[in-house]
Amino acid sequence: METIFWGDRTSAIDPETLGDVTAETVLMQEPYKTLQERLGFKACVMMHQVHGTNGYCIKPSTDLSQLLLRSQEADFLVTDCKQVALAVLTADCLPIVFIDKKKQVIAIAHAGWKGTVNKIAQKTVMAMSDQFGSELSNIKVFFGPSALVCCYEVQQPFSLALAQDPFAQKSLIERNHKIYFDVTYYNQLTLQAMGISPEVFNFQAQRCTICTPGYCSYRGQNGTQLRNITSVSLK
Ligand SMILES: [Zn+2]
């Protein structure tokens, strides 16, 4: 069974305070401790997020007691290990959770605009398929709290830079002489382009971090260090 945890300000994390923790020792710190007690996982893996499109796979052979969370750069994680929570930290960027119930494979991605337009969602699905044998038709996709199109304003150089990008042209919306980016829709379009069915997308956890009270928001809270944690784990 899979459990997704969508964090908000009540479980906010300042990643700068983490230090040299491992996937196992992180569970001695709040709020991972509380999460661990609630969800029952034995390790929590999150990487040093760099707005890239590289990922990290956790397999039964991975030594979680040695895996330093802040030293490995990655923006998506995939595993088929039970009781290992995969987590991303965001404040306006989009957390995306992927679940293949049939093969019992889970993944999570940190998708800001940069990772999004560089197709991190597709790369996550490819890792599930190449490394763990997931079939595209069995993957479900859950979008979490992020800056939504109501508030995610972008400047003209951004939209001009993406003038040749067909997904961007469908995800940029003009309103009152301003341009807004629908980051969720862009990710959805890239996944559909690789053959993921439009019916598998779940938007229930989507809230706009900028205009919904209770979420950490980089734009809405003056460049805050605090992050919402999203995690997914297998029992
Ligand atoms: Zn909003």
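Student: Is Lys119 buried or exposed?

Tutor: This is a predicted model, in which local features need pLDDT of at least 70 and side-chain atom pairs count only at pLDDT 80 or more, while totals for chains, interfaces and linings use all residues. Residues are numbered from 1 along each chain as its sequence is written. A residue is buried if 20 or more other C-beta atoms, placed from the backbone, lie within 10 Å of its own, exposed if 12 or fewer, and partly exposed in between. Lys119 has 20 C-beta neighbours inside 10 Å, so Lys119 counts as buried.

Student: What is the phi of Lys119?

Tutor: Lys119 lies in the loop between helix 2 (113–117) and helix 3; helices (H or I, at least four residues) and strands (E, at least two) are DSSP runs, numbered from the N terminus. Although Lys119 is a residue other than glycine, its phi is positive, near 65°.

Student: How are helix 3 and helix 6 oriented to each other?

Tutor: The axes, lines fitted to C-alpha atoms over the stretch in contact with angles from 0 to 180 degrees between N-to-C directions, come within 8 Å for helix 3 (residues 120–132) and helix 6 (residues 183–193) and cross at roughly 45°. Angles under 35 degrees count as roughly parallel, over 145 as roughly antiparallel, 65 to 115 as roughly perpendicular and the rest as oblique. Helix 3 and helix 6 are therefore oblique.

Student: Which residues of helix 6 meet helix 3?

Tutor: Two residues are in contact if their C-beta atoms, placed from the backbone, lie within 7 Å. From helix 3, Ala121, Gln122 and Val125 take part, and they meet Asn187, Thr190 and Leu191 in helix 6.

Student: Which residues does Cys211 touch, not counting those up to four places away in sequence?

Tutor: Cys211 lies in the loop between strand 12 (201–202) and strand 13 (228–234). It counts as partly exposed because it has 13 C-beta neighbours inside 10 Å. Its C-alpha atom is separated by 8.4 Å from that of Cys150, 61 residues apart along the chain. The residues that Cys211 touches are Cys150 and Cys151.

Student: Which residue is joined to Glu30 by a cis peptide bond?

Tutor: The omega of this bond is about -5°.
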